[in-house]
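Welcome! Take a moment to look over the sequence and the model, and then let us walk through how some of their parts meet.

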Amino acid sequence: MVVAQITDLHLTAEGSLAEGRIDTAAGLSHCVAQINRLDPRPGALMLTGDLANLGRAEEYQRLQRLLAPLAMPIFVIPGNHDDRSILRTAFDNHGYLPRQGSFLHYAVNDFPLRLIALDTVVPNQGYGALCAERLDWIESRLSEARAQPTLIFMHHPPFATGIAHMDALRLIEGADAFGAIVARHAQIKLIACGHVHRTIVTEFHGKPIVVCPSTAHQIVLNLQPDGPAEFDFEPPGFMLHVWDGARVVTHTIPVGEFDGPYAFED
């Protein structure tokens with residue numbers, strides 16, 4: 001099975017640009033076209049937050065129009081730029097989203113890989129959190145299917161990346177408790193995050209964890225403790241998580257048109 005992940009779309013309303021200069025709709029359109037050219041195509045697509053730039057209804061409506069060419073099942077979770085209530089209303093035809101409760105988390109059991117989406121949003125804050133209620137929920141979901149290979153998707157990474165201004169906005173509350181839960185469940189094959197707008201790979205309590213690049217702009221890699229908050233136009237991208245029956249192999253795909261392919265000469 002192949003699961004595609006896109007994140008941090010920051011989609012704006014028609015006629016506007018993010019930060020006054022980022023055409024986030026163009027980035028998403030190119031990404032959708034590239035996913036549709038994949039062979040084989042992914043069996044599912046997960047959008048890991050910051051779907052809209054300001055969390056407005058017209059942004060989610062535009063998002064649905066841009067995603068319409070995709071044929072595979074699509075799953076969404078919120079990021080800190082999203083509005084849970086408006087997102088839930090915009091995607092009310094997505095039966096996996098909970099209709100009640102404070103959080104938009106859920107488990108998908110329709111594939112060889114179990115997909116768990118974890119809501120880390122704190123309203124009106126850039127950082128994330130896992131409160132006791134959310135920690136109890138993820139513990140319960142993992143405990144009910146210990147033999148089922150599982151991917152966990154969340155917006156905020158639970159670890160420090162070394163980019164200081166982004167680390168101040170990572171998963172703040174509940175990261176250690178979440179790590180203890182992760183360590184207890186061998187069926188977790190990968191944790192996949194967004195939020196940082198860069199490709200990052202590490203391990204978290206014995207499990208591989210990745211951060212997916214944005215389909216729009218990227219955060220400048222500056223590892224100085226006082227590094228400024230800046231973005232640039234490094235190539236956007238998305239990830240493919242490939243389950244071979246024993247492990248997940250993750251590929252990062254840059255979005256764009258590139259010369260080639262060419263056969264190697266003898």
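To follow the helix packing, picture each axis as a line fitted to C-alpha atoms over the stretch in contact, with angles running from 0 to 180 degrees between N-to-C directions. Keep in mind that this is a predicted model.

**Helix 1 and helix 2**

- Helix 1 covers residues 24–36 and helix 2 covers residues 57–67; the two pack with their axes 10 Å apart, at an angle of about 25°.
- Angles under 35 degrees count as roughly parallel, and helix 1 and helix 2 are therefore roughly parallel to each other.
- The crossing of helix 1 past helix 2 is right-handed.
- On the helix 1 side, the contact is made by Ala 25, Leu 28, Ser 29 and Val 32, while helix 2 brings Arg 62, Leu 63, Leu 66 and Leu 67.
- Sorted by kind, the residues of this contact between helix 1 and helix 2 are six nonpolar, one polar and one charged.

**Aromatic rings**

- You can find five aromatic pairs in the structure.
- One of these pairs is Phe 178 with Phe 204: the ring centres are 5.7 Å apart and the planes are at 25°, so the pair is stacked.
- This pair links distant parts of the chain, since Phe 178 sits in helix 6 (residues 175–184) and Phe 204 in strand 10 (residues 200–204), 26 residues apart.
- Phe 178 and Phe 204 are both buried.
- Elsewhere in the list of rings, one aromatic cluster is formed by Phe 75, Tyr 96, Tyr 106 and Phe 111.

Notes:
Residues are numbered from 1 along each chain as its sequence is written. This is a predicted model: local features need pLDDT of at least 70, side-chain atom pairs count only at pLDDT 80 or more; totals for chains, interfaces and linings use all residues. Side-chain values use heavy atoms; hydrogens and water are left out. Rings of Phe, Tyr and Trp (its six-membered ring) pair if their centres lie within 6.5 Å; planes under 30 degrees apart count as stacked, over 60 as edge-to-face and the rest as tilted. Helices (H or I, at least four residues) and strands (E, at least two) are DSSP runs, numbered from the N terminus. Buried means under 20% relative accessible area, exposed over 50%, partly exposed in between (1.4 Å probe, protein chains only). Angles under 35 degrees count as roughly parallel, over 145 as roughly antiparallel, 65 to 115 as roughly perpendicular and the rest as oblique. A crossing is left-handed if the near helix is turned anticlockwise from the far one by less than a right angle, and right-handed if clockwise. Contact means heavy atoms within 4.5 Å. Ala, Val, Leu, Ile, Met, Phe, Trp, Tyr, Cys and Pro count as nonpolar, Asp, Glu, Lys and Arg as charged, and the others, Gly among them, as polar.
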